[in-house]
Amino acid sequence: MKSLLLSFFLCFAGISIYAQSYEIKGTVSDASGLPLPGVSIVVKNTAKGTSTDFDGKFTLSDVQNREILVFSFLGYTTKEIAIGNSNYLNVTLNEDTQSLEEVVVVGYGTQKKADVTGAVSKVEIDKALAVPTSNVSEMLRGQAAGVQITLGSARPGGTSNILIRGRNSIRGGNDPLIVLDGFPIENINDINPDDIASIEVLKDASAQAIYGARASNGVILVTTTKGKEGKMTVSFNSYMTSQKLTKNFDLYNAEEFAQLRREAKRTDNTPSQDYLSDELSFNGATSPEYLNYLAGNYTNWEDEVLKAGFITSNTVSLSGGTENTKIFSSVNYFDQSGLVPSSNYERGSFRLNINQKINERASVEANINLATDKQEKETSNLDFITISPFTGPYDESGALVKLLAGANASSSAVNPLWNIRESQNEIKVNFYNINLVGNYKLAKNFSYKLNTLISRKFIDEGSYISKIHSAGVNLNGIADVANTLREEYLIENILNYNVSIGEDHKFDFTAVQSANQIKTSKTSSNGTGFGNDLLGFDGITNALNFKVTRIEEQKRILSFLGRARYTLMDKYLFTFTARRDGASVFSENKKWGFFPAGSVAWQIHKENFLANSETISQLKARVSYGSVGNQSLDPYTTLGVVGNYPYIFGGAIVGGNLPGTVLPNPDLTWETSTTTNVGIDFGLLKNRITGSVDYYDTNTTDLLTDITLGGTSGFSSTITNGGESKNSGIEVLLTGQIVKNDNFNWSISASFTKNKNELIKSGIVDIDGAPKDDQARGRYIGKSINNIRTLVFDGIFQTDEEALASPQAQPGSTTNSDLTLLKAGSIRVKDVNGDGIVNDDDNIVINTDPEWYGSLSTVFVYKNFEMLADFYIVEGSTKFNPFLANFNEGGTLQSVRNGIKVDYWTPENPSTTYPRPSYLHAPANIGTMGVTDASYVRLRTLTMAYNLPSAVLSKLKMSNVKFYVTGTNLFTWTDYKSYSPENNPNDFPDTKSITLGLNIGL
């Protein structure tokens, strides 16, 4: 009996212990470590729950061991956690990237995407980071509708151009504002890609107006990874990339080039037009080209000059902390050798992000970034591939020769490898950004933030051309050294107040005062005349001739801004923004600009008539209207600054000054871009299909334009606000979850952008005051700012009679100065206006911008395997291709330079696409051949990855191990003949790349 009672007592005691209630606390944050306020926390299968406060913290009483807590928040995947022995939980919620409820960063704050009333695109960061490069701009290609990326330079350390919703300005700048962790930066490529947690793009005036004077070309917000509460974790990301030349054309091989020479000489052999002997075709029996041809000594200049490129990148990061102190830190080393000898780029960077809680009201943040990089650039022209294959870079002993013999000497007599060897060109950059932030809760819903920035960048440039370099012979060597110091300071006082009145009314107010100063100074030294080349540009003090110049500039911006957001019944959303900016680059009475904006959105899916819809999960309509400014004007432009011109007076050098050639204009003011945006966001079939559609119309007035002045003024030009431009277009973004289950996920995303750019005013007017074309500067009313004015290629004449009867041969035509050359095989030019002659009036203006561009990507995830394929599409773009029209690029078919192999005209091959070769004369109107379609489709990225299973990771005591292989620019389908549709001759060649990578988490 006693034992039975004892057993009953122990059982009852165990139940009592198991059912004991206690209090549990914790913090909820997102994947980047930012706290999430308003997260719902519910004990599963009960009504018991709470929500997180402003700092993402929560307290829940009367919970029991082994109960399950359900954490849910709009825009994030729901997470369930069983209560264990710990009474404190650190919970991380991952964003549901397929939901319209995800959280996005907007100017001076964050919002749930469902509450955003402006046009904001969030970049899928995993796809962006799949591109192995130091060029962050290229990572954005195809990732956001309305954002056009074009290659600036493919060389190591190169950059790309970012254009958001078309080109607004002619000379005022079109680069978007880059904001990193709340402060502006000069170059997006200063960021280590491995540090990036999120990227958002602000595209319409409602979203941009909070940045006012800087936002006329769009805003890109970049947020770096923050530390998270919990044990320290270490991550390692390493990859190696091999790069090779990519092109879609063939040059003439040796025998084909010899035949081209025969045909070119044959054309000039009048009147018989018989083939000459090879001796005469190659300019004599003793000519080097002829001797090399007979001996079979052929040179492939691509193989001689270009090599494989190679990239290595290694990043180690550390993240963790306590409730009060959270740290994220990373170190990266990036090294890239380019295709051209002497081209190289290496960079080392360090980041430290600290969040320190002082007490329940106060906290501080520090975001520190330090980096140093070195870029080595080639100094030789890059048109070497069109050098004659019958002359080589080495002599019989294998030593480099300086001068290339043969017909090619009439173009470029110098061996490019010689000039590469005899030159040095490098740029070193050291910079740091220190962003210090103070946060203080003035009241429950009222907070103050002090945002400060100190940024310093030092650029040391040096180049040396030796005494035996082709450009250095006459001057006995040339050295150039330049030191540039850029310093930036920012102070912002930010107040935020949010309040709810009942359940139906929510208000959020933000007020900011901002002061920003940028100071740049540059000292340049040039020296010529050296005794030897041993020290390169470091020996510039030994130069016989020496010159130093100094430039110093300063810009200041003072801003006051406010934003009010109002939400009614969680259905009707209103945002009003106003910003007043003052910029030092304008004259005293023109410094200030005012830029207001407003937007409204309607969450239609929350109306009763859609409450039970099984098809429509999300539906939001948006309308916005507002203005932003552009003050991208060089300092002192509005002032009558004079230059230093010393002269000799009385046998001594006397300092003198003269005004420049540009007449100063004290009335210059802001360019103002006013945008109307209408958009709709939607989710269908339980958000299996999501997307957005936007239509926008932007009108930019007071456009800064330079105009020509008469010679009697003493000035050649001046700058006015007389221009006006317009951009309008449509953007579409779609994402579909084709398959989504525990083992297999398959999604497809597509973006489409169509933009029309139009010049309304050129800056000059006719006698009646109406806008007129400024042909000298390529500005045409009603046409795109980016354009080509050209005659129109209309085929190839097939007979002499046809040529002489054409409008080109008639009196008054100006396209063929020598009618004896107008014959079979010549280029026919279209008589556009039908007046029977071909002259300047028959030129047309062609828009070079693409008609549309977009992307298509798909992601497969099967168990531990992942695959990403990303295509980028550009349609309707036009470019001038020197490979088909210029002498140095072999486009004139004169057989002096090699060139792209084309189907040229001969009597036996009456081509209709390319003219007849001629050694003595470039074909008349050959420039029309260079205007070609540059549309293309490119397999931008193809990635295959494997993640180690969790069972293996637990044995290895690792959080993740991922192996991946990535191909970049693997295939390009285009009719544009070049290294790339965005490359031209003399550009650094683009590449296709194969990358092997490894990610490890400890």
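Start by selecting Lys-247 and Glu-302, which form a salt bridge with their closest N and O atoms 2.8 Å apart. A salt bridge here is a side-chain nitrogen of Lys or Arg within 4 Å of a carboxyl oxygen of Asp or Glu. The pair links distant parts of the chain, 55 residues apart: Lys-247 is in the loop between strand E17 (230–245) and helix H5 (254–268), and Glu-302 is in helix H8 (residues 301–305). Helices (H or I, at least four residues) and strands (E, at least two) are DSSP runs, numbered from the N terminus. Lys-247 is partly exposed because its relative accessible area is 32%, whereas Glu-302, at 10%, counts as buried. Buried means under 20% relative accessible area, exposed over 50%, and partly exposed in between (1.4 Å probe, protein chains only).

The model is predicted: local features need pLDDT of at least 70, side-chain atom pairs count only at pLDDT 80 or more, and totals for chains, interfaces and linings use all residues. Residues are numbered from 1 along each chain as its sequence is written, and side-chain values use heavy atoms, with hydrogens and water left out.

Next, select Arg-486 and Glu-186. Their side chains meet in a salt bridge at 3.5 Å, N to O. This pair also links distant parts of the chain, 300 residues apart, with Arg-486 in strand E24 (residues 478–501) and Glu-186 in the loop between strand E14 (183–185) and strand E15 (196–202). Arg-486 is buried at 13% relative accessible area; Glu-186 is partly exposed at 47%. The structure holds 45 salt bridges.

Another of these pairs is Asp-774 with Arg-777, where the closest N and O atoms are 3.7 Å apart. Asp-774 is buried at 7% relative accessible area, and Arg-777 is partly exposed at 28%.

Now go to Asn-757 in strand E38 (residues 744–762). Asn-757 is buried, with 5% relative accessibility. Its side chain makes a polar contact with the side chain of Asn-727 (3.1 Å). A polar contact is a pair of N or O atoms within 3.5 Å; within protein, one must be able to donate a hydrogen and the other to accept it, and residues adjacent in sequence count only if both atoms are side-chain atoms. A polar atom of the Asn-757 side chain also lies 2.8 Å from the backbone nitrogen of Ile-785.

Last, select Asp-933 in strand E46 (residues 931–933). Asp-933 is partly exposed at 35% relative accessibility.
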